[in-house]
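Thanks, everyone. I will take a few minutes on one model and go through its contacts in turn.

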Amino acid sequence: MQPTNVSDPKYYHRVVDCQWACPAHTNVPEYIRLIAQGRYTESYLLNRETNVFPGILGRTCDRPCEPACRRSRVEGKPVAICRLKRVAADHKDEVQAMLPAVPAKKNGKRVALIGAGPSSLTVANDLMPLGYEVSLFEKHERAGGLMRVNIPSFRLPESVLDEEVGYILNMGVDARFGTPVESMRRLLTEGFDAVFVGSGAPKGKELDVPGRWDAPSQIHIGIEWLANVHFGHVESIGKRVLIIGVGNTAMDCCRTSRRLGGTDIKVVARRSRPYFKASPWELEDAEEEGVQIVENHAPKRFVTENGVLVAMEFERLEWTTDASGKQRSSVIETVAIPADAVILAIGQENAFPWIERDIGIDFDQQGMPKVDRGTMQSSRPGVFFGGDAAWGPENIIWAVAHGHEAAISIHNHCQGIPVEDRPPQGMTLASSKMGMHAWSYSNDYSPAARTSMTHAELSTRFSTLSVEVELGFDAEQTAREVERCLNCDIQTHFTANLCIECDACVDVCPVNCLTITANGDEVDLRTRLSAPAENLTQALYASAELPQTSRIMVKDEDLCLHCGLCAERCPTAAWDMRRFDLLQPYAGRPAGSARSLPLAAVSA
Amino acid sequence: MTSIAKPPVRHPGLQKNALGLTRRDYEGAMSTLCAGCGHDSVTSALITAFWEMDIPPHRAAKMSGIGCSSKTTAYFMRQSHGFNAVHGRMPSVATGANAANRSLTYVGISGDGDSLSIGLGQLCHAIRRGLRLLYVLENNGVYGLTKGQFSASADVGSTAKRGEPNLQPPIDPVLLALSLGATFVARSFSGDKDELIPILKAGLAHNGFALVDVISPCVSFNDHEGSTKSYRYTREHAEEVAPVDFIPLRREITAQSAEGTAMSVTMHDGSTVRFRRVKEGYDPTDRDAAYAYVRHAQERGEIATGLLYLDERGFEMHASNRTVSTPLVDVPFASLCPGRAALDELMEEFR
């Protein structure tokens, strides 16, 4: 292998599994350390830098970071990253004064944002401090998009949403509520320098089986129904409720039904549990509330009697894998499940009836806009897409990531720089050695199990729709959970020419990450390390030739605990534990330029 | 964290030996030696050797005296028996232990100070006695625990950390053991586990006293330019004369593994020591030739390493004393100490 180039930010970034998996690349280990130190405000601000909505995401994020967490490969479940984020948001001081300042003198460029969801708000958050004049068009009366109308308030309290959306609107965004954009052509004539479409995927998918239109008042589309609940148009539902589909929207629907009078609630899925789209924790929360999950049932028809829905018929399926490895179903029997209401939660679609097809914005055969993955730009220069509007339903954190990228593009576009010119990432790498056996992070391994979230009592939960179910971590829970983090951003940094090949690091490593051996290609090296390196998703580090024997140091990054024992036992400091900080560029702010947010924040 | 502890988690892919134990089950307390000490590598090699030999930790005894090296028995096989004896007196205590319980596997860890100065007489007589013990002499040429004075193994002309040269000729434990009739004499280097581990395993299988002199650099006091026992000097001057592989009894010798083998020797217990190669003209079964070779290598400034001399028959204390095959600890008290009448009868024989 060629010596690993650790000066490329990508190498060490990839070692920080959580940060690598996060679309917005939130610096998770650092914010967890700040929480451990009780520095909630700093932790919140560090979070906000990348993910803009720490309080909201600390409750609702789909957490791509957690399945990626190295901790789960080492021992037990992943660190409760998401809920720790909420701790920072819950306990922070007043932050308004520490948010980016917006200049009074504008730069003369005007940007239109369509839809007031997370992606548009992120664009506004990034562009307002640069002096842009931003107009936000929203069909509803308040901002938040899906976060407001589709996520039930028992998961996301309105106050949290209002606060974090408010930080952005208060920057002086020209918010035009109750103003749906009905014609893109007309909007484009209004002289905006750039237009960003963040209108989401607002259309629930239809289930066209016999009987669908026989009792329309009892059959609902999930996201529409949730919005109606939010606006108070729906206040009750029948006793026996069937939810068709088993994604996260289905989870919100079944739990909301439980609070509106449903007592016998079943979520019906075509496949078996391993194939469910809903996050495991959302399934658990629903089951805790008495929701029943029915597997391997495909909807066949609605059964109505005298115009009243009484049941739904399903085909019970058996799934088998054929020779080519493809899953095939066969029908075992037809069963009817009684129901007073059915909610369809089988997916969402984009809908752009308001974008004329002859104005240079190209769409594909599925009706989706053609958008560049890197620049978020459509086929019409100056028109950008992000969030669910770009490539269909994702989740909030993806929308935020899209928003940051789109803001860079819009800034480039307005400043006459090609949108393809993406500012590079940077990094800092600083030793965390403080003295003998002393490192500037908690390197002691905690064998504690993942802390589970405390939930409100079932009885209080169902009294009002808005009673928040998750109570957040208390001080003890927080203190325990932060110690489970392995601090993957504290990198094991090796300087080959200092090594005397004494083997101390190889001998002490608790998880056999290290090997000094003759060089070879990666496939070969992976077979002759101290422990087999079978996880191909994790990199091998290879050093330059060692001075005494010309062998090389190889490290399998897979299970490294970042405990620092290699550096601790190294007589020449060839190994050092160095804190890696990924520097990300934002619109008008190249990576490595001074942060606009004071990190050592002291509230006045 | 102000003190260091090794996290209990381990790699899930760790191999298990015939006892179902991983290498980590053979570990001991965290080392408090200087970072980079050769002794820690020797400890690690011992862990591997015992693990690969499937020796149950509770059926082994770790014997040591005083010194940096003698501390290391705490750093492996925490479930084993152990005795930390007076300075230089480990061979006597080991003799007593072995006399009482011949069924344990004994490993003695000593250093150049413990063995070649204060304990030289003890070492000599343990060799003569044929004490069945793997005697690991962690040799760094200095008294590390007292801050780096020359030890009895320091070469003439090698310098202390502050520059003054050593004038007194060294005692070479390999030559000493050869001259005293040892049946297993080896030298290796802490920085070369490929060579060291098979030697340790062969030594554990040997029927008698097995001396392994391990050059084990002292990073704090003897890893400098003028040292002849530094990592760099040893790497530059070591001459692998007779590296071996060790094949336990139950494992078949495959044609492939035997390929290129210079010679194979079947040990007392049926296991095989395979010389991977031997220096041309070198015969590890000829005591006088081995002595001469090691001596000449020394004159050339080279360090001969490998299993330098092996008499596979061994020479063992219990055999020469014709003790019972049952370990004395397992002999019922009534027969072990048959009482006054039996004693009188015995005494009568000598009248």
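Let me start inside chain A. Domain 1 of chain A and domain 2 of chain A bury about 930 Å² between them, with carbon and sulfur atoms accounting for 56% of it. This is a predicted model, so please keep that in mind throughout. Which three residues supply more than any others of the area that domain 1 of chain A buries against domain 2 of chain A? They are Asn150(A), Phe154(A) and Arg155(A), which supply 53% of that area.

As for the bounds, domain 1 of chain A covers 98-202 + 350-415, and domain 2 covers 204-347. Their C-alpha centres lie 32 Å apart. Domain 1 of chain A puts 10 residues into the contact, and domain 2 of chain A puts in 11 residues.

The rule finds 2 salt bridges across it, between domain 1 and domain 2 of chain A. Arg155(A), already named for its share of the buried area, forms a salt bridge with Glu282(A), and the closest N and O atoms are 3.2 Å apart. Between the two domains of chain A, 4 residue pairs are in polar contact, both residues being at pLDDT 80 or more. The side of domain 1 of chain A that touches domain 2 of chain A has 6 nonpolar residues, 2 polar and 2 charged.

Next, the interface between the chains. Chain B and chain A bury about 2,600 Å² between them, and carbon and sulfur atoms give 58% of that area. The contact involves 30 residues of chain B and 32 residues of chain A.

How many salt bridges does the rule find across the interface of chain B and chain A? There are 3. In one salt bridge, the side chain of Asp40(B) meets that of Arg569(A) at 2.7 Å, N to O. Helix 1 and helix 8 (231-237) of chain B each provide at least two residues of the side that touches chain A. By class, that side of chain B has 14 nonpolar, 8 polar and 8 charged residues. The count of residue pairs in polar contact between chain B and chain A is 15, with both residues at pLDDT 80 or more.

Last, a single residue. Asp54(B) sits in the loop between helix 1 (38-52) and strand 1 (60-64) of chain B. Is Asp54(B) buried or exposed? Its relative accessible area is 14%, so Asp54(B) is buried. A polar atom of the Asp54(B) side chain lies 3.0 Å from the backbone nitrogen of Ala18(B).

Methods. Residues are numbered from 1 along each chain as its sequence is written. Chains are lettered from A and ligands numbered from 1 in the order in which they are written. This is a predicted model: local features need pLDDT of at least 70, side-chain atom pairs count only at pLDDT 80 or more; totals for chains, interfaces and linings use all residues. Side-chain values use heavy atoms; hydrogens and water are left out. Helices (H or I, at least four residues) and strands (E, at least two) are DSSP runs, numbered from the N terminus. Buried means under 20% relative accessible area, exposed over 50%, partly exposed in between (1.4 Å probe, protein chains only). A polar contact is a pair of N or O atoms within 3.5 Å; within protein, one must be able to donate a hydrogen and the other to accept it, and residues adjacent in sequence count only if both atoms are side-chain atoms. Contact means heavy atoms within 4.5 Å. Buried area is the accessible area (1.4 Å probe) that two parts lose on being put together, summed over both. A salt bridge is a side-chain nitrogen of Lys or Arg within 4 Å of a carboxyl oxygen of Asp or Glu. Ala, Val, Leu, Ile, Met, Phe, Trp, Tyr, Cys and Pro count as nonpolar, Asp, Glu, Lys and Arg as charged, and the others, Gly among them, as polar. Domain bounds come from an automatic or database domain assignment.
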